[in-house]
Amino acid sequence: MIPILRQIFRTGIVSEPLPPADEALRAATQRLSAAITEHLGRALVIRHVDAGSCNACELEIHALGNPYYNIEAAGIKFAASPRHADMLLVTGPVAKNMEVALKRAYDAMPEPKLVVAAGDCGCTGGIFGESYACCGRVANVLPVDVSIPGCPPTPLQLIEGILAAISPGTTLSTSRSIDRSTMSAPGSNG
Amino acid sequence: MSETAQFFDLPITFTRQPEHVFPAWEAEADEAALEEFCIAAHRAGRRLVALWGCDKRDRQPDVPARGFALHVALDLAEGLACLTLPMDACAPRFPDLAPIFPSAGRLQRAVRDMIGAEPVSSEYPTDLRPWLRHANWPADYFPLRHDTPDASFPAQNETYGFVRVDGDGVHEVAVGPIHAGVIEPGHFRFSAMGERVLRLEERLGWKHKGIERRFVGMALAEGARLAGRVSGDTTVAYAWAYSQAAEAIAGVTPPARAIWLRALLLERERIANHLGDLGGMANDVAFSFGLMQFSRLKEDWLRLNARLFGHRYLMDRIVPGGIAIDLSASGAAELIEQCDTIQREVRALKAIYDEHAGLQDRFLTTGHLAPERARQLGTIGLVGRASDQHWDLRVDHPCAPYDELETRVATHANGDVAARALVRFAELNESLHLIRKILSGMPSGDIRCDVRSAPERRGFGWIEGWRGDVLVMVETGLDGKIRRCHCHDPSWHNWIALEHAAIDNIVPDFPVINKSFNLSYAGPDL
Ligand code: SF4
């Protein structure tokens, strides 16, 4: 126990402030009214579905949970069941073999529901495109609220997109600072 | 004259392929000779690397006996040996190799789905269930035949013939394709008695997105990006293997500095994944401290990747002809410094893991894959090494710079979750050591040369990625564009081992067993 506590102590709190929402990532129609987004606030529950990614997009979603991004501290968590989720976060192009499962997950979510397409593949079909085996971008299968480009999008880009989906378009109802200048450079992924 | 050889005293004459940076041999065989050779290779303790099919009907339209080809790649002591079996244009068939190499079964089913060639056996029942096809396109739509047009079909529900376990009190637990966490999709069908797993059957292929068909017609340089996205967590190994194949086709050798930088990136990729897995395995036994600590280290690791190489996962850094980005002297110093920090931190965390009774209790004896079973199944890579299977290309067939690095292979004989954790710790250390060696031996000079495609060539690339060996085969057509590209993920071999490792464990231990294997879904699904 002592070494564990010592290690925790030595590490300290490394969490960094969250970036602001990137409103530019929002699709033309925001389906949630300002009233609802205000109500949702920042207590957001996400169900992630990998619809056919190369698996690097998942690595960045995992990274959201590491102590640096610490997304749970912002009130955002990932749920096992789509029935508990406000948002469907979809990675990859939609593989034909995943089309039915993805639609079922979406149908199982309670209204109102948000869909965020993550990564170049989710946004456009990416390098895999459309074919006998692939439906291409997520919007070909589900209504998409926010698309986050990047291959894969960095954790910061993911947060900016996720926040865009739940921000009423005005100032964020957040108690955490949104000053990005203090962040160490996590770099970009093209 | 090119070099020729025969192996296992069998009358098949192999020709050594020029321009490859590891020994690559090719030969043609008929059905009986192919089967005989595979049996001899298996007896000699060698293994199947990959098998795939090609449509050749446009090559010699007047010779129907050579309409299709099956390629079988084996790992021999002398290098990579690729056997080609010509198949009939109207009724392509090949001998069922699954009785010799168990992992051939699913590969053969994929060949059948993709080009419509049938595995046949006179002695054993052959598994003819579809693998990559999930009823979402017709059974007679063969995506890798050249005359198959682009098409799209409505998605459907598949009824799949899972093997049923009968008996009093036996029940099935069906999991997936969508799992509880942030993880790739796959379906696991457990037959359990109470909590005890009697049998696990996997149904994969959910992520199949037609990558092999996508390759067709691409320029040689263009294909590297796609190969680097077959399995994103292994992007360095795939990009390097693809580049080796492309360079063999073009007949060029990249500058020495580029090769050393590639090895640097490959070892960095190995460490990034091991850091992630060591945290993930602890998390699956409710020791979230481990996840937090290791994911912090992994993030540090990725951030330095982004800063020095421009991409957190190093995608598109390795390109045919060399490497896309050079390393400065100050960058090299930062890498060394980071190696020291990570080594110190990992040592402290390992001591905590070693001493943690709860974690050890859950790790030890869980998900046991006995060395003998691993040998029978042809288990490779990290999982194989944790079950005493000493395969590692960095030592077995080292290409530059590994021929100068003297990699020490980490192995363990226990074959349980604990052994797979220990092998990761040992490999992490060894890779840190290799990175220091690479940085001190790094030659100076150019980092890239021109790669000009050549028509009608075949090239192979073979790299020990962090999960095991990745094989890439590229064939060019008359126009020098890609005619066929097959990317083989090591997970093909190890998924079947996971089915065995789960037996007799309790269902709730499956997540940590699965995590300790951490196989790719995207890679084999293609
Ligand atoms: S966007 Fe890039 S990283 Fe994400 S799934 Fe597609 S290819 Fe992979």
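**Two chains, one definition at a time**

Guide: Welcome! In chain A, of the contacts that link residues at least 6 apart in sequence, 83% join residues at least 24 apart; a contact here means heavy atoms within 4.5 Å. This is a predicted model, in which local features need pLDDT of at least 70 and side-chain atom pairs count only at pLDDT 80 or more, while totals for chains, interfaces and linings use all residues. Residues are numbered from 1 along each chain as its sequence is written, chains are lettered from A and ligands numbered from 1 in the order in which they are written, and side-chain values use heavy atoms, leaving out hydrogens and water.

Visitor: How many helices and strands does chain A have?

Guide: Chain A has six helices and seven strands. Along the sequence, they follow the pattern α-α-β-α-β-β-α-β-α-β-β-β-α.

Visitor: What makes B:Gln293 count as buried?

Guide: Its relative accessibility is 4%. Buried means under 20% relative accessible area, exposed means over 50%, and partly exposed is in between, with a 1.4 Å probe and protein chains only. At 4%, B:Gln293 is therefore buried. In chain A, 58% of the 190 residues count as buried.

Visitor: What is B:Gln293 in contact with, leaving aside its neighbours within four places in sequence?

Guide: The partners of B:Gln293 are A:Gln7, A:Ile8, A:Thr11 and B:Leu349. B:Gln293 itself sits in helix H7 (residues 288-309) of chain B.

Visitor: And what makes its link to the side chain of A:Gln7 a polar contact?

Guide: The two side chains come to 2.9 Å. A polar contact is a pair of N or O atoms within 3.5 Å; within protein, one must be able to donate a hydrogen and the other to accept it, and residues adjacent in sequence count only if both atoms are side-chain atoms. The 2.9 Å pair of B:Gln293 and A:Gln7 is a polar contact.

Visitor: Why is H7(B) called roughly antiparallel to H8(B)?

Guide: The axes of H7(B) and H8(B) cross at roughly 170° and come within 11 Å. Angles under 35 degrees count as roughly parallel, over 145 as roughly antiparallel, 65 to 115 as roughly perpendicular and the rest as oblique, so H7(B) is roughly antiparallel to H8(B). Axes are lines fitted to C-alpha atoms, for helices over the stretch in contact, and the angles run from 0 to 180 degrees between N-to-C directions. By class, this contact has 13 nonpolar, four polar and five charged residues. Nonpolar covers Ala, Val, Leu, Ile, Met, Phe, Trp, Tyr, Cys and Pro, charged covers Asp, Glu, Lys and Arg, and polar covers the others, Gly among them.

Visitor: What makes H6(B) roughly parallel to H8(B)?

Guide: Helix H6 (residues 256-283) and helix H8 (residues 329-355) of chain B have axes that come within 13 Å and cross at roughly 25°. That angle makes H6(B) roughly parallel to H8(B). From H6(B), the contact includes B:Leu264, B:Arg268 and B:Gly279, and from H8(B) it includes B:Val346 and B:Tyr353.

Visitor: How do you know that B:Asp450 is exposed?

Guide: B:Asp450 has a relative accessible area of 62%, so it is exposed. B:Asp450 lies in the loop between helix H13 (417-441) and strand E14 (458-464) of chain B. B:Asp450 and B:Ala250 are 200 residues apart in sequence, yet 9.0 Å apart in space from C-alpha to C-alpha.

Visitor: Why is B:Arg436 called partly exposed?

Guide: The relative accessible area of B:Arg436 is 23%, which makes this residue partly exposed. B:Arg436 is found in helix H13 of chain B. Leaving aside neighbours within four places in sequence, it is in contact with B:Ile336, B:Cys339, B:Asp340 and B:Gln343.

Visitor: What is the phi of B:Leu314?

Guide: B:Leu314 has a positive phi of about 70°, although it is not a glycine. B:Leu314 is placed in the loop between H7 and strand E12 (318-319) of chain B, and at 3% relative accessibility it counts as buried. B:Glu456, also other than glycine, has a positive phi near 55°, and its relative accessible area of 41% makes it partly exposed.

Visitor: Where is there a cis peptide bond?

Guide: One joins A:Cys151 and A:Pro152, with omega about -15°. Another runs from B:Gly176 to B:Pro177, with omega near 15°.

Key:
Helix = DSSP H or I, 4+ residues; strand = E, 2+ residues; numbered from the N terminus.
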